[in-house]
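Please have the sequence and the 3D view open side by side.

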Amino acid sequence: MKRTITALILLLSLMLSACSMTPEKGNRGVGQLTGQTEREPTFQEMVYTRPDVDALKEAEQEVCSESMSQTDVQALLETLAFYYNQVKHCQTMYHLADIRHSLDLSDQYYKEEYGFCLQFMNQVSESMDTVCRALAQSPVREELEADFFGEGYFDQYLDDQGQITESVWSETLLKLMEEEAQLEAKYYDVLSDLARNQADPDYTQKLAEAVAPIYVELIQVRQAMAQETGYADYESFAWDWFYYRDYTPQEAEAYVSSIQENLVPLYLQLWNSDFFEKAYSKTVSQEQIRDYVRSAAEHMGGIAETSWEVLTNQELFDLSAGENKYVGSFELYLASYEVPFIFFYPYGDITDYIGFSHEFGHFINDYVTQESYLSTDNAEVLSQAMEYLATSYSEDTGASVLKILQKMVLANSLSTYIDQAAYHSFENRVYKLTKEELTLETLNATYAAVMEDFGIELGEGMQTDWAEVPHFFTEPFYVLSYVVSNDIAMQIYEKELEKAGDGLELFEELSMQWDDQEFGTLLNGAGIVSPFAPQRMDELKTCFQTKLIDQLD
């Protein structure tokens, strides 16, 4: 999944969902920007236009000016709604450019448009910070907090004397973010250049040699971003700016260590069996993976079935395996159209069943909540839960395939704990290296050492496999969310295994609770055990032992 939204965008989205708009501003804000008709457009009918920088700044100035003098809350909210629709338009065009660039990395037009949008979204984030600072000085600030933002929200923009603080969006920070965007674009250029050579036995080695300088520069730029904003390191910066986690990096490190101690032995038993060899020997067509998820959605009913109808009616997915297609899968929300889109690269093996159901879980989440989740950890729960529930509800899939998939999702779950915890450990180590230590040789050696610590056997030349993990380049320190959220998804699945329908009921309940809750609050409200609770690791070990390891042939 790619990074898509800032906390400010989320907060405005939540706030404005409760606002009423005049017909004039509603039409001006939505109709002109999206061009929607009475019939909902398909993805192919959605028109990309480069975001208008001047239009955004004009809307920003209007809402900032009105914030200082307007005493009518409703009037201010209408102006703010128009500004927010400009932001939605920018974000939607960014995502359209991203998807169409990823569909064909050789398309020069969308390559350039994606690069433009990638850099422009940093200006959007700065603009939204400016708007929030203006709202913090509004004469109706207390009413805004009481009715929409929450009590004390604007305090973060004020000092002890109640004066507005200096924005962190300095020219230096914007320049660093522009450098980061350019480096990420260079990374995609390398992928595009090497895309046709993936069958080359030396592909990963060549990829690592090509992207290592980019990765080294990215680490240095990101560390400078953290320093510019007053953070000790980039990990802490990313924790707050992008992922909004309510647990600390230190708690995460202890959790990763517990995974290494308790689950690696089980993983080694799984890896030393012939389960994966047998499972991966089965080929899977695009039609089969589509029918698998369709059947699951229809038999689950409710929000899953409705989401599937929207996905298919508006053709909001791509399952092709184009020669120049980006090798990866993700889901993005198209805010102006209020629908998500699934980008999926099929590998032709059994993992496609799991991968497509994962992205469909994201689709459900974003379609139901309009992308209104507070943290990355929340966002990954439904996606991973869908992987498990699909094996219980896809009744039109053959019994023999389902039997393998029911073991495969647990095997994949155990692998997720190990692989993603190892990836997190790798990032944690390389971001502590000095500029002089950041070399291809050191990256390879660090990756090999971490994999060995987690019981992952690397064959000859596989020490360069880090180069094939896109999150390292575009979403640093994201991977831990796959681990933490997978634990919650596992608990949903365990409930389903104990009593049919209970897991589905919890799945639907959680789908309605993402809007403004931190991860810990969400868990407590749903009666779910925290992944960090000491007894939870023992429960996991028992589940994997009895339902997977003991069931291996």
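Asp-318 has Phe-343 in β3 as its bridge partner. Before going further, note that this is a predicted model, in which local features need pLDDT of at least 70, side-chain atom pairs count only at pLDDT 80 or more, and totals for chains, interfaces and linings use all residues. Residues are numbered from 1 along each chain as its sequence is written, and side-chain values use heavy atoms, with hydrogens and water left out.

Helices (H or I, at least four residues) and strands (E, at least two) are DSSP runs, numbered from the N terminus. By that count the protein chain has 22 helices and three strands. Strands pair if DSSP finds at least two bridges between them.

The three strands make an open sheet in the order β1-β3-β2, and the pairing is mixed. β1 (317-318) and β2 (330-334) are the edge strands, each with a single partner, so one side of each has no neighbour in the sheet. Helix α4 (residues 73-103) packs on the sheet and touches β1, β2 and β3; its direction makes about 145 degrees with that of β2. Contact here means heavy atoms within 4.5 Å, while axes are lines fitted to C-alpha atoms, for helices over the stretch in contact, with angles from 0 to 180 degrees between N-to-C directions.

β1 and β3 run parallel and are joined by two bridges. β2 and β3 (residues 339-343) run antiparallel, with five bridges. Opposite Glu-331 stands Ile-342 in β3, and Leu-332 has Phe-341 as its bridge partner. β2 and β3 form a hairpin with four residues between them, and Glu-338 in the turn has a positive phi of about 55 degrees.

How is β3 covered on its two faces? Val-339, Phe-341 and Phe-343 on one side and Pro-340 and Ile-342 on the other are all buried, where buried means under 20% relative accessible area, exposed over 50% and partly exposed in between (1.4 Å probe, protein chains only).

## Rings and charges

Two charged side chains sit over aromatic rings, as the table shows. The criterion is NZ of Lys or CZ of Arg within 6 Å of the ring centre and within 35 degrees of the ring normal.

| Charged residue | Ring | Distance to ring centre |
|---|---|---|
| Arg-245 | Trp-239 | 4.4 Å |
| Lys-325 | Phe-343 | 4.7 Å |

The whole structure holds 50 aromatic pairs. Rings of Phe, Tyr and Trp (its six-membered ring) pair if their centres lie within 6.5 Å; planes under 30 degrees apart count as stacked, over 60 as edge-to-face and the rest as tilted. Tyr-417 and Phe-544 form an edge-to-face pair, 6.0 Å centre to centre with 85 degrees between the planes. Tyr-417 lies in helix α16 (residues 399-430) and Phe-544 in helix α22 (residues 534-547), so the pair ties together parts 127 residues apart in sequence. Tyr-417 is buried at 0% relative accessibility, and Phe-544 is buried at 0% as well.

## The interior

Of the 553 residues of the protein chain, 57% count as buried. The largest nonpolar core has 180 residues, of which Tyr-215, Phe-360, Trp-466 and Phe-507 touch the most other members. Its largest share, 15 residues, comes from α16. Such a core is a set of buried Ala, Val, Leu, Ile, Met, Phe, Trp, Tyr and Cys residues joined through side-chain atoms within 4.5 Å. Leaving aside residues up to four places away in sequence, Phe-507 touches residues including Met-300, Leu-382 and Ile-492.
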